[in-house]
Amino acid sequence: MSKQIPYKVYLTEEEIPKAWYNIRADMKTDHRPILHPGTLEPMTADELSPVFCTELVKQELNDKDRFIEIPEPIRDFYKMYRPSPLVRAYCLEKELKTPAKIYYKYEGGNTSGSHKLNSAIAQAYYAKEQGLKGVTTETGAGQWGTAMSMACGHFGLDLKVYMVKVSAQQKPYRKTVMETFNAKVTPSPSDTTNIGRKMLESDPESGGSLGTAISEAVEVAVTTEGYRYTLGSVLNQVLLHQSIIGQEAKAAFEKIGEYPDIVIGCAGGGSNLGGLMSSFMADKLAGKKAPYFIAVEPASCPSLTRGKFAYDFCDTGMVTPLAKMYTLGATYKPPSNHAGGLRYHGMAPILSQLYHDGFINEARAIVQSDVFEAATTFARVEGNLPAPESAHAIRAAIDEAIKCRETGEEKTILFGLSGTGYFDLGAYAQYNDGTMTDHIPTDEELELGFSAIPKVDK
């Protein structure tokens, strides 16, 4: 085992990026504009401002500035848990008997347990600067809700969280953590909103979805004075904030004289993958040497691998703007798999466009039993219990390392370990006792979602 490269590579506090990288400024084809749900015309800043904070609207629509300065209060907060380490998975390499070098960027070293805090603190800061009383949001697995509760607690903002009901049932202690930071958590769909009541009327036993929780959170935000809505994935502003992951990863590789051949990220709404690949994708967009990019999603919610590239609503209630993205249809009801953070019907417009144009090389869909097989292998040899979402990337990284063992190629693999799995012990218990099941939607099931995609000629 080579000792030339340490197990963990850290940047210094001074090396934490001072600006976020805006990938849209470098994209060969910018994604199509988001559309007003009533007029189907591109949304303006004035139209978005009742929903999002003013400064975040500017970031959402910004397609010109390559770098956007990170305000000092946000950088100061980042210093509490950043820079995050780039870790060499020596033990996993040994277990797999592979000549590949495997690295992961670990984002679970904060109380929220994931990368979500990178954007949560930014969104809470801009809400505080605007003088708002509070914000609303949704959460699937609970990582985003936890991160947002921490950020709002830090700035003294009120927070109303709509948590996907099945995830609230699977992860009750996530709710406890959010409430510890003074957030109000409501399982979704709920009877507290018009949209929630409509969903329950059509399906009283609904386990919910991120699309439904978004609808409820948006409804409350736009009908409550002094509130705005915050989102943990999909939006341009979120991928912008998460670019700090890729910037740090690239800088850490430069410190050890390495560069990845393959970059792998789990993909639900796109925040983790978009953040991790950002600075490496900048090389590809500039025509330089670049990695092979792999997006990994659950087979139960396969937006990239089986979805349609079309304009669709970002929420199940069909009240949000329409985005051009890979989608299963806003009405698609994902099964109650354990990767709650990936249970979303669409993909970020930025990532959708990059995938459509071939800059993201490959998308893979994996069943959850194979995901948990990889997760338990990783936990046993690396001593780190991964979130089910992150374990999708681990599965693909292991598969690529095995290919290297078979071919003898010494490739360098980077994947994103976006969070911890300590609130997912119920899922691990199911895998361990053999009761975990896999669900791959049939073409007929997917067609139900596709049939509701609006026909937009743009």
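Select the charged side chains of the protein chain: the mean positions of its 47 positive and 56 negative charges lie 3 Å apart. Here Lys and Arg count as positive and Asp and Glu as negative, leaving out His and the chain ends; each charge is placed at NZ of Lys, CZ of Arg, CG of Asp or CD of Glu.

This is a predicted model, in which local features need pLDDT of at least 70 and side-chain atom pairs pLDDT 80 or more, while totals for chains, interfaces and linings use all residues. Residues are numbered from 1 along each chain as its sequence is written, and side-chain values use heavy atoms, without hydrogens and water.

Next, show the whole chain as a cartoon. There are 18 helices and 15 strands, taken as DSSP runs (helices H or I, at least four residues; strands E, at least two) and numbered from the N terminus. Buried residues account for 64% of the 458; buried means under 20% relative accessible area with a 1.4 Å probe, protein chains only.

Now select residues 117–129, helix α5. Its 13 residues reach 18 Å from first C-alpha to last. Eleven of the 13 are buried, among them Leu117, Ile121 and Tyr125.

Finish at glycine 131, which follows α5 and has a positive phi, near 85°.

Note on methods:
Buried < 20%, exposed > 50% of the residue type's maximum accessible area, 1.4 Å probe, protein only. Expected span 1.5 Å × (residues − 1).
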